Every structure is written in C-alpha cells, then in structure tokens.
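This report concerns a single protein chain, shown below with its sequence.

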Amino acid sequence: MRILLFTGKGGVGKTTLAAATAAHVAVHGGKVLVVSTDPAHSLADALGVGLGAQPREVRLDGSHAVLHAAEVQTRALVDDTWQELRQHLRTMLHGAGVDEVDAEELTVLPGVEDLLALTEVHRLAASGLWDTVIVDCGPTAETLRLLALPESLAGYLERLFPAHRRAVRGLLAGIAGSEHVERWDSVADGLGRLAERLAALKDMLAEPGTSVRLVLTPESVVAAETRRTLTALALQQIQVDGLVANRVVPHPGAARGAAAGWLRTRRREQEQVLDTLRAVTELPLRVVEHRAAEPVGAEALLALGDELYAAADPLENGPSMPTMQISGGGKALDSEYFLRIALPLHPAADLDMSRIGDELAITVDGRRRLVALPAVLRRCIVTSAVAGDDGLTVRFRPDPELWMR
C-alpha cells in the first residue's frame, strides 16, 4: 500500500497537484483513490465532478482509466462515532462526583474531527480496494496538527484511563457500582476501540510506504514556511519524499518587450528561491509552470500530471533514512557515545533540549517531541549537544552511579 499526503501553505495548489498525481497514476494502470481531508473541500472542483463521503468512480476523458475520489465529512463522523462514547464518559465522571460542567469540559477530546478524518483515510486504505491512496490534506499548520494527533491523543487517553481494558473496567465498576457494570463496560469497549485506532494510525504513518509531498510556490515567504515544515515533520518522524514548486512563470526565451522583461525578472527571482531550497535539502524538487488556463477536469489534470512527472514514477519514495544513529564506545567509564538525530534545522530555528528520565525532550519552534533513548544511553549523562543543518548530535558519557549497577 502506498499512501501519499499532499500539503502546503494555503493557496499553493496542493489540491490540484494531488488530483493530477492521482489521474497520472490511474491512466498508467494504478488502482488509486484520492481523498480530501481539507475542511475547505475543493477536490470536487478540481476534478469537475460532485463528491461525497463515499468514494465514487471518476472516468478520465480519452482513456478507459478510472480513479476513485471522496471528500471526508468530519461532522458526520463526529456525530456517528464520538458523541455516544462522549455521553458515556460524561455520565461516568458525573457519577464519580465530577461537576457536570467540568465533566463536559473533560470530555472535549482535542482535535477529534481531525483524528476521525485520518481514521477514515486508514479505513479506506485498509479496505484493499486500491493500491494507492492520495490524500489532499489541509494547509501545513492543520496538517502538522493532524499528523501529530495519533501520538498526542494516545498519551491523553493513557493518562485518562489505563491501557489495559480490564483495568479500565475495574476502575469504572468501582466508581459506578456493580449494578452499572454493563454500561461502564461499554465505555471500556469504546475506549479500547479508540486506543486500537490510534495505534493503527501511528503504524500507518510510520510505514515505509507512507510519505508527505510538500507543495509550494517559489516565493521567499512560502519557502521559509516549507523549511519550517520539513523540520516539524522530521521531529514527528514523518517521511517527506519530495517538493513540488507550483506556478513558476514561463521563461520568455528570446522575446522582447516590457512583458518579456517582467517575466525574466520574475523567473530569475523564483529561481533564486528554488536554489535556496535545493541548497538546504537533498529532496527532489519538481517544477510546474504557471498555466494560462486553470487546470480543472480530467483532461487538464492529465496534461498537468504529464508535465509534473514525464517518464518518472509519481509514487517513487526516497530511501527511508534512520531517524537516530549511535556511534562511539569505549571501556566502561571511559566510554563516549554520540547520538545523531536526523532533524533538518533552518537558520532561525528556536531549539531547546532537556533530559527527562529515559527520554530527550526536543522542542523546535514551539513543537515538542519526546524521544526515547536507546538502552545503552539510559545509564549515561548528556555532556554536550551540537545542532547542524543535517541534524542534532548529542554527546553522552556513562553516569558512574548508574553504570556500575
């Protein structure tokens, strides 16, 4: 299974490029579903057809190829999936003596709509009906929150209730009394299913076949956000397989006149922005020129896909690089270890790191992640850390008190 998520700053054309990629895959024989999780759905507009929550067949003009497309309706998912469980939780907390207003606030699960949208993507991918699922995500800020949800909500759930179902059941039964065990048992079942979904989503995002493709326009402000997004995705250990620069102005060639001069100046500025990106990342950068006509409908999307990929494989995924590497060694207390964490950092990155038990807490530009230390480093102390363009290198030496135990 190949899962490809398109995102980028709002208005850069990610929906159109996601649809064009899906059309290109389909016309070359792939079984592909393109699905939108963006609350401001525009996938239907790009394809020129009406879409709903259930995937529908979209025929591509001039060929026998088809793709399937859908737009996730998060409001309906919340009404169908979350409300009943939330009501059970409110009743449980109220029975435990929690004020009704507090119980209402405690059961507001942060980001539940985004979580259910991602869950629906997983359900569709797991159906086995398609070889490729292409996801038109929301703008980068929303997508970063979406991709962080499975891990953050799993932690929220773990703190709220024990992981083991029987422990949850015992807690609820003790609160409610034996006469209400069946009702509370249904709550435990619901929480268990939610925990299973979160685990499945975390696994899906970590699969080698899952990656993000970032769409940008060649402007300095957008490029700066793209670099921050690369760092944030690396911090979450989400693989990025490439960049797409959209709406690059055509080169005027040998044409003369004021219009041609303007095009040369603008193209030169855009190339400088793209060169800056190429200098800070080894990811492939594809370029799509600005079109005179808006690419809407199957025919225009197929033409755009041909320009974007030509003879290349649109689903090609770069090698999965290790997120952490350990080097060094020595003899007992004279040992010295180095932990390198792959984390591309832009020059203005606000980086902070601290040790919390057996984990490193790494915060970049306000986004925090806990990184579990390998076993050999848990009995060591941090002596220094150096940040570079290619990541963070942390130096360790054995802690005398812990090493001899």
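The model is predicted, so local features need pLDDT of at least 70 and side-chain atom pairs count only at pLDDT 80 or more, while totals for chains, interfaces and linings use all residues. Residues are numbered from 1 along each chain as its sequence is written, and side-chain values use heavy atoms, with hydrogens and water left out.

**Overall make-up**

The chain contains twelve helices and 15 strands; helices (H or I, at least four residues) and strands (E, at least two) are DSSP runs, numbered from the N terminus. Of its 405 residues, 44% are buried, where buried means under 20% relative accessible area, exposed over 50%, and partly exposed in between (1.4 Å probe, protein chains only). Carbon and sulfur atoms hold 52% of an accessible surface of about 20,000 Å², computed by the Shrake-Rupley method with a 1.4 Å probe; for residues, only the protein chains shown count as cover. Among contacts (heavy atoms within 4.5 Å) between residues at least 6 apart in sequence, 67% join residues at least 24 apart.

**Selected residues**

| Residue | Relative accessible area |
|---|---|
| T119 | 14% |
| C137 | 0% |
| C380 | 2% |
| L377 | 0% |

T119 belongs to helix α5 (residues 112-126). Not counting residues up to four places away in sequence, T119 touches R197 and L201.

L377 is placed in the loop between β13 (367-372) and β14 (380-388). Beyond its neighbours within four places in sequence, L377 is in contact with I326, Y337, L339, R355 and F396. The C-alpha atoms of L377 and L339 lie 8.8 Å apart, although 38 residues separate the two in sequence.

C137 is buried, as is C380. The whole structure has zero disulfides, a disulfide being a pair of cysteine sulfur atoms within 2.5 Å.

**The second largest pocket**

The second largest pocket holds about 470 Å³ of space. On a 1 Å grid over the protein atoms alone, a pocket is an open set of points where a 1.4 Å probe fits, with protein on both sides within 12 Å along at least five of seven lines; lining residues have an atom within 4 Å of a point. Its lining comprises 26 residues, with G13, T16, R247, E294 and P295 nearest the centre. Two or more lining residues come from each of α1 (14-27), α2 (43-47), β7 (240-248) and β8 (285-289), and α1 gives the most, with four.

Notes. Grid points are joined across faces, edges and corners, and a volume is the space filled by probe spheres set on the points.
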